[in-house]
Amino acid sequence: MNSLVRTFIAVLVIAGGLLIAINRLNSSQGYSGADTLTVYNWGDYIDPDLLDKFKQETGIKVIYQTFDSNEAMMTKIEQGGTTFDIAVPSDYAIGKMREENLLLPIDHAKLPNLANIDARFLNQSFDPGNVYSIPYFWGTVGIVYNPELVGDLKFDSWDDLWDPSLRNNILLVDSAREVIGMGLNSLGYSLNDTNEAHLQEALAKLKKLTPNVKALVGDEIKMLLAGEEAAVGLVWSGDASEIMDENDKLDYVIPKDGSNLWFDNMVVPKTARNLDGALKFMNFMLEPENAAQNAEYVGYATPNAKAIPVLPAEIAEDKRFYPEPALTDKLEVYDNLGKRMLAHYNELFLEFKMHKK
């Protein structure tokens, strides 16, 4: 009898240990329960204090995991091995995820703070009606430059980049849509243009830019421009803000010819296990005070109109990063051009890069 009791107790202990181990494994891999929420976001793209505040207010612990590209994020969600309750993809990726049925629709009735979002940033082409996504951050593509090194150039037009005085003094972000889009905009075309004659015209003009191009680079563009390794750079506005924090001699401008208006939005992947918690988190991040705190920490522009008055004046009134509607209305969101056309853009970009060499 004693032997039987001991065996029974041993089985209970082993079972309990296995249960604890499974729960820990699930948490580490992003499996959520009612008291946890797994958020999949870009690195250093949220104020960690807000995660603690969310737990204090709701009792829900946030498991924060990061990705470094939209493609890596989509692949992981497609595979389905890891459960995420919230993800923060970019605009074009949201369009792809909608097409591939990777997202759940969002119940706006449970997001009263959605009313705080500036109407300019809702109902975009990649998600009409914001059925699947809620704005998180937004920005533009433009030019960072050092006024001390470029003479009288103000870069109010993309054409200024072709000025002979800038020989070997421009850094370009290593991205097909940004570079090809800049070439198209400089000719007065849409950055979503698919007309082959227009694309070839843009490529020919970009090839004429190569004497001025010092390099095409990735994340290191921020360090190089801040360190004055080049006078001019084609960058995203969020990167521009970081660069200018490091070197206050630099300036940022959005050329009047047109440019890109980009978004990173919160979505709910179809494998989410804590839908109620996901909606609570979205509504929490839409609180003006929280949105302002997050924007100040990350350095990117908030789409939350009610958060603007909460921000320090030097941030809220900086028209380089919070441009007026008269300018933003002229900017374009990248359309999902389809696999074949995107592959063609990449081929044109590769031809430009080979010409540079």
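Modeller: Lys249 and Glu148 form a salt bridge, with their closest N and O atoms 3.8 Å apart. The pair joins distant parts of the chain, 101 residues apart: Lys249 is in the loop between helix H8 (237-246) and strand E8 (251-253), and Glu148 is in the loop between E4 and E5. Helices (H or I, at least four residues) and strands (E, at least two) are DSSP runs, numbered from the N terminus. This is a predicted model, in which local features need pLDDT of at least 70 and side-chain atom pairs count only at pLDDT 80 or more, while totals for chains, interfaces and linings use all residues. Residues are numbered from 1 along each chain as its sequence is written, and side-chain values use heavy atoms, with hydrogens and water left out.

Colleague: Why is the pair of Lys249 and Glu148 called a salt bridge?

Modeller: The term requires a side-chain nitrogen of Lys or Arg within 4 Å of a carboxyl oxygen of Asp or Glu. The closest N and O atoms of Lys249 and Glu148 are 3.8 Å apart, and therefore the pair qualifies. Side chains of opposite charge can pair when their charged atoms come close. By this rule there are twelve salt bridges.

Colleague: What makes Glu148 exposed or buried?

Modeller: Buried means under 20% relative accessible area, exposed means over 50%, and partly exposed lies in between (1.4 Å probe, protein chains only). Glu148 has a relative accessible area of 59%, so it is exposed. Lys249, at 35%, counts as partly exposed.

Colleague: How do you know that Lys353 and Asp174 form a salt bridge, and which parts does the pair tie together?

Modeller: The closest N and O atoms of Lys353 and Asp174 are 3.1 Å apart. Lys353 lies in helix H13 (residues 338-356) and Asp174 in the loop between E5 and helix H5 (176-186), so parts 179 residues apart in sequence are tied together. Lys353 has a relative accessible area of 25% and is therefore partly exposed. Asp174, at 37%, also counts as partly exposed.

Colleague: What makes Arg320 and Asp251 a salt bridge?

Modeller: Their closest N and O atoms are 2.9 Å apart. Arg320 lies in the loop between helix H11 (313-316) and helix H12 (325-328) and Asp251 in strand E8, so the pair ties together parts that are 69 residues apart in sequence.

Colleague: Why is strand E1 said to be largely enclosed by the rest of the structure?

Modeller: Seven of the seven residues of strand E1 (residues 36-42) are buried, and so the description holds.

Colleague: How do you know that E1 pairs with strand E2?

Modeller: Two strands pair if DSSP finds at least two bridges between them. E1 and strand E2 (residues 61-67) run parallel and are joined by seven bridges, with Asn41 standing opposite Thr66 in E2. Strand E3 (residues 86-87) also runs parallel to E1, and two bridges join them; there, Tyr40 has Ala87 as its bridge partner.

Colleague: Why is the pair of Tyr145 and Phe155 called tilted?

Modeller: Rings of Phe, Tyr and Trp (its six-membered ring) pair if their centres lie within 6.5 Å; planes under 30 degrees apart count as stacked, over 60 as edge-to-face and the rest as tilted. The ring centres of Tyr145 and Phe155 are 5.0 Å apart and their planes are at 50°, so the pair is tilted. Tyr145 lies in strand E4 and Phe155 in the loop between E4 and E5, so this pair ties together parts ten residues apart in sequence.

Colleague: What makes the pair of Phe349 and Phe352 stacked?

Modeller: The rings of Phe349 and Phe352 are 6.4 Å apart from centre to centre, with 25° between the planes; the angle is under 30 degrees, and therefore the pair counts as stacked. Both residues lie in helix H13, three residues apart, about one turn of the helix.

Colleague: What makes Phe155 buried or exposed?

Modeller: Phe155 has 0% relative accessibility and so counts as buried. Phe155 is also among the residues with the most contacts inside the largest nonpolar core, which has 111 residues. Such a core is a set of buried Ala, Val, Leu, Ile, Met, Phe, Trp, Tyr and Cys residues joined through side-chain atoms within 4.5 Å.
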